[in-house]
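Please examine the model shown below, with attention to its surface and to its charged side chains. The paragraphs that follow take these two topics in turn.

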Amino acid sequence: MRKFNVIVLGATGAVGMEFRKILLQRNFPIDKIRFLGESSVGREIQFGTRKVTVEAVTDDCFKGYDIALFSAGGEISKKVAPAAAQSGCIVIDNSSAWRMDPEVPLVVPEVNPDDVEKHKGIIANPNCSTIQMVVALKPIHDAARIKRIVVSTYQAVSGTGLAAINECLEQSKDIVNNREISKPEVYPHQIAFNALPHIDVFLENGYTKEEMKMVNETKKIMKDNSIGVTATTVRIPVLYGHSESVNIETEKKLTVEDVRKLLSEKPGIKLADNPERNEYPLAINSAGKDDVFIGRIREDESIENGINLWIVSDNIRKGAALNTIQIAELMIGKGLI
Ligand code: 12T
């Protein structure tokens, strides 16, 4: 089997660490591998049987490489992705920099795999909260057409990165030990034992950027601008795994049994819906797993055709690193890399 020259940009971050783990777990066909970073330049990283030193981004560092997995933020991605693509290295980017660019496919392999075919060198990985929601809703949309989505999220701190995980843990330790907490640095308020209705920055319309990513990316991935989407995104003191309360209104009537049937056996989905045994999706159970977990499926009795669901997935895996690597595998399978 052909092997590929692979770059990981942002190799020591929360998503970068998961890239390295998943590349090894899935036996990704790697010939040469290069880790790029900024603050971590010079660090030696054990990768399987190899020792790889983190290097800085240079003008010609992408030459001779086939695929670059980016997770180093939007700014650096905007700066270097076009040059990387120009030199023949396909970029799959985790930041929000390219997602809504009409020239850039925004892909979830279970939902819109064929969109990768129109790529021009850059493919965008959607926002973590959007990915797990569209994996769950696409089969329902195909069967009954979703008219409107109302979503509230309960998002883990790992989405913000390693410093946020650390801030949450340190504050928790201080509180449990009756010490005063030090001034928050990552979040504007204390995150431990709290819930912050604020993810990413506020926009002019009063929504946060995270909320509008869910609105706009959902329509692009589902290729349907007629779906009404409204979101409230909330940070909670959970380390890994985003949870979502999702209410949908469909054109065609669906019963709970219909929804269960539509979602069972779908790749990437696991139903966890046995309330009589206290079984429902939990963030702590999703951590380290690949699937999107769905439960609490019930009819919204306040409207004609409404369904409520609880959707949980590991935001660093399916929400980021895993989906990115699945896009790479999909492209290899289609002969696009
Ligand atoms: N600010 O991929 O803080 O656009 O959890 C994902 C997660 C942006 C993104 C977060 C963010 C993104 C967060």
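Ile 175 is partly exposed, its relative accessible area being 30%; this class lies between buried, under 20% relative accessible area, and exposed, over 50%, as judged with a 1.4 Å probe and protein chains only. The residue belongs to helix α4, which covers residues 162–176; helices here are DSSP runs of H or I with at least four residues, strands are runs of E with at least two, and both are numbered from the N terminus. Together with Val 176 and Phe 193, Ile 175 forms a nonpolar surface patch with about 310 Å² of accessible area. Such a patch takes residues with over 30% relative accessible area and no salt bridge, joining nonpolar side chains (Val, Leu, Ile, Met, Phe, Trp, Tyr) within 5 Å and like charges within 9 Å. The accessible areas come from the Shrake-Rupley method with a 1.4 Å probe, and for residues only the protein chains shown count as cover.

The model is predicted, so local features need pLDDT of at least 70 and side-chain atom pairs count only at pLDDT 80 or more, whereas totals for chains, interfaces and linings use all residues. Residues are numbered from 1 along each chain as its sequence is written, and side-chain values use heavy atoms, with hydrogens and water left out.

Side chains of opposite charge can pair when their charged atoms come close. A salt bridge is counted when a side-chain nitrogen of Lys or Arg lies within 4 Å of a carboxyl oxygen of Asp or Glu.

Glu 18 counts as buried because its relative accessibility is 9%, and Arg 317 counts as buried because its value is 5%.

Glu 210 and Lys 213 form another salt bridge, at 2.8 Å from N to O. These residues are three apart in helix α5 (residues 209–222), so about one helical turn separates them. Both Glu 210 and Lys 213 are buried.

Lys 253 pairs with Glu 299, their closest N and O atoms being 2.9 Å apart. Here too distant parts of the chain are linked, 46 residues apart: Lys 253 is in the loop between β10 (242–250) and α6 (256–263), and Glu 299 is in strand β12 (residues 292–299). Lys 253 is partly exposed at 41% relative accessibility, as is Glu 299 at 31%.
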